[in-house]
Amino acid sequence: MTSGYMTISRKKLLHNLDINGGSTERINTWVDSMRASSPTHYKSNPSLAQDHLKSWMLQHPSALDMFEQITKASKGKPIVMFLDYDGTLSPIVNDPDRAFMSDDMRETVRKLARYFPTAIVSGRCRDKVYNFVRLPELYYAGSHGMDIKGPSKGSQYKKNAHESVLCQPACEFLPMIDEVYTALLEKTRSTPGAKVENNKFCLSVHFRCVEEKKWSELAQKVRSVLKDYPELKLAQGRKVLEIRPTIKWDKGKALEFLVESLGYTNFDEVFPVYIGDDRTDEDAFKVLRERGQGIGILVSKIPKETNASYSLQEPSEVMKFLQRLVDWKQLPIRRQFRIKRRLEGVKIIPTPTDQICLG
Ligand SMILES: O=P(O)(O)OC[C@H]1O[C@H](O[C@H]2O[C@H](CO)[C@@H](O)[C@H](O)[C@H]2O)[C@H](O)[C@@H](O)[C@@H]1O
């Protein structure tokens with residue numbers, strides 16, 4: 001696919017940004033990448049946006065429209081759910097500390113987890129994302145999958161009641177991350193709107209509230225700190241620079257680890273569904289695509305290069321999709337209940353959900 005948006009050095013956008021080497025060129029690449037995360041030419045040319053969206057949607061159709069195809073593709077295997085947090089379960093907001101999920105979304109995820117083992121996979125620190133979601137029956141993989149913990153209670157999917165899954169492959173980086181956090185706080189203090197977030201095993205430098213003309217200056221400040229830490233790498237999310245250890249661990253590896261933790265020795269035994277909106281979610285989409293197992297769903301309103309197979313536009317559509325999974329799973333149970341009641345001579349009045357499910 002070719003478009004103004006797509007031609008902005010896609011490879012550079014999807015891969016990690018280089019920290020070392022010739023500085024001016026490097027900073028320009030960073031700033032190009034920062035700009036590309038908000039493609040303004042779409043705003044000035046809405047019909048171009050529509051055309052791109054249409055052709056992109058042919059390749060990445062709505063997971064809601066393709067619901068039957070998705071459930072058929074699971075071929076009766078147990079579905080395991082992986083959900084990113086920001087931009088997937090909660091809408092993107094200016095203040096990262098106020099990215100709350102709605103009560104309706106929480107209730108939907110709670111119901112989902114009754115039927116499918118469910119994990120939250122986030123760039124945030126695990127405790128922070130837990131405080132937003134507040135469902136102890138889920139698995140949580142914080143710090144882009146570098147901090148994984150199993151359900152604390154209430155999950156029928158917990159591998160062993162006495163043993164909680166724990167995986168922290170970047171422990172040795174903790175002192176370095178703290179040091180860089182302090183240095184970045186100090187360096188970026190004079191840039192209005194910049195915010196540094198400590199995500200325990202990784203860091204985020206937010207520029208959503210920084211004026212665009214200051215992005216280059218901010219990138220230089222971040223680079224001036226990171227150049228002394230070749231053990232760290234930089235990637236970009238939604239108006240955020242993500243700093244992580246250079247270990248071979250990401251959301252894709254976390255997904256594989258979690259499938260195994262659930263007791264499935266063979267990946268082929270399950271049907272993982274991963275829903276996410278960010279570039280760091282691409283690592284998980286890639287694992288699923290390369291293995292030819294499960295499906296990836298990208299949450300996006302605009303065309304993006306992705307390894308996901310399907311799309312949803314925003315968190316409200318994610319909620320609808322999760323609810324449909326719950327309804328689909330409940331259908332045989334409800335059918336049995338209806339038959340039993342009919343045999344008992346009770347007249348059944350179909351609920352709106354029954355009508356949707358039963359077509
Ligand atoms: O993997 P995720 O759960 O999607 O986390 C990725 C980053 O999400 C958060 O930042 C994003 O959401 C903020 C709140 O809506 C928004 O202000 C920011 O611009 C987005 O990039 C989070 O604050 C980061 O720490 C995560 O790494």
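This report describes salt bridges and aromatic contacts in a predicted model.

**Salt bridges**

Side chains of opposite charge can pair when their charged atoms come close. The structure holds 21 salt bridges.

| Arg324 | Glu68 | 3.4 Å |

The salt bridge of Glu68 with Arg324 links distant parts of the chain, with Glu68 in helix H5 (residues 67–73) and Arg324 in helix H12 (residues 315–343), 256 residues apart. Glu68 has a relative accessible area of 47% and is partly exposed; Arg324, at 27%, is also classed as partly exposed.

Lys128 is partly exposed, with a relative accessible area of 23%. Glu197 has a relative accessible area of 5%, and it counts as buried because this value is under 20%. Through shared partners, salt bridges join Lys128 and Glu197 with Asp86, Asp97, Arg124 and Lys195 into one network.

**Aromatic contacts**

A pair of aromatic rings is described by the distance of the centres and the angle of the planes. The structure holds eight aromatic pairs. One of them, formed by Phe67 and Phe321, is edge-to-face, with the centres 5.7 Å apart and 75 degrees between the planes. This pair also links distant parts of the chain, as Phe67 lies in helix H5 and Phe321 in helix H12, 254 residues apart. Phe67 is buried at a relative accessible area of 3%, and Phe321 is buried at 0%.

The rings of Tyr85 and Phe132 have their planes at 10 degrees and their centres 5.4 Å apart, so this pair is stacked. Tyr85 lies in the loop between strand E1 (79–83) and helix H6 (103–115), whereas Phe132 lies in helix H7; the pair therefore ties together parts that are 47 residues apart in sequence. Tyr85 is buried, with a relative accessible area of 0%, and Phe132 counts as buried at 7%.

Phe82, Tyr274 and Phe285 form one aromatic cluster. A contact between a charge and a ring is found at Phe267, where the charged end of Arg291 sits over the ring, 4.0 Å from its centre.

Methods
Residues numbered from 1 in each chain as written. Predicted model: local features only at pLDDT ≥ 70, side-chain atom pairs only at ≥ 80, totals over all residues. Heavy atoms only, no water. Salt bridge = Lys/Arg side-chain N within 4 Å of Asp/Glu carboxyl O. Helix = DSSP H or I, 4+ residues; strand = E, 2+ residues; numbered from the N terminus. Buried < 20%, exposed > 50% of the residue type's maximum accessible area, 1.4 Å probe, protein only. Phe/Tyr/Trp six-rings, centres within 6.5 Å; stacked < 30°, edge-to-face > 60°. Lys NZ or Arg CZ within 6 Å of the ring centre and 35° of its normal.
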